[in-house]
Amino acid sequence: QVQLVESGGGLVQAGGSLRLSCAASGRTFSSYAMGWFRQAPGTEREFVAAIRWSGGSTYYADSVKGRFTISRGNAKDTVYLQMNSLKHEDTAVYYCAAALFTTSVVVFGPGRAQEYDYWGQGTQITVSS
């Protein structure tokens with residue numbers, strides 16, 4: 001089991017910045033990648049960014065590329081999402097997730113929600129225009 005707790009959400013003006021943190025505990029050594037997803041009211045959960053624990057390869061949705069940066073702590077227990085130049089359309093609940101090492105995630109990459117096995121409770125980001 002892996003437990004995930006997000007923090008750092010809140011209200012920010014358009015053009016501002018926020019940094020989300022995800023604290024992981026439990027069997028974190030078994031996870032292959034960590035990801036951030038978001039979900040706005042009335043929409044499906046969408047991929048934002050992911051990072052592989054081994055090697056640190058990063059992946060981003062086109063909508064956030066160049067504005068958001070995902071990173072990990074030295075220990076396998078914290079993942080961050082630095083969000084700059086925030087836009088109103090970034091408003092959503094942001095979820096941290098952990099993907100175990102599976103053939104599927106290796107083949108298809110960590111950009112799909114179905115690759116993830118553990119999820120945090122989510123943190124609200126509201127960007128005022």
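Predicted model: local features only at pLDDT ≥ 70, side-chain atom pairs only at ≥ 80, totals over all residues.
Where is Pro41 found? Here are my notes on that and a few other spots.

1. Pro41 is in the loop that runs between strand 4 (31-39) and strand 5 (46-52). With a relative accessible area of 78%, Pro41 counts as exposed, because the cut-off for that is over 50%.

2. The average pLDDT for the chain is 93, and 100% of the residues score at least 70. Going element by element, helix 1 (residues 103-108) has the lowest mean pLDDT, at 85. At the other end is strand 11 (residues 123-128), with the highest, 97.

3. On to the cysteines. The count comes to 1 disulfide, and the partners are Cys22 and Cys96, with 2.0 Å between their sulfur atoms. This pair links distant parts of the chain: Cys22 belongs to strand 3 (residues 18-26) and Cys96 to strand 9, 74 residues apart. The link is left-handed, with -80° about the S-S bond. Both Cys22 and Cys96 are buried.

4. Phe101 sits in the loop between strand 9 (92-100) and helix 1. Phe101 has a relative accessible area of 61%, so this residue is exposed.

How values were computed:
Residues numbered from 1 in each chain as written. Heavy atoms only, no water. pLDDT = per-residue confidence, 0-100. Helix = DSSP H or I, 4+ residues; strand = E, 2+ residues; numbered from the N terminus. Buried < 20%, exposed > 50% of the residue type's maximum accessible area, 1.4 Å probe, protein only. Disulfide = S-S within 2.5 Å.
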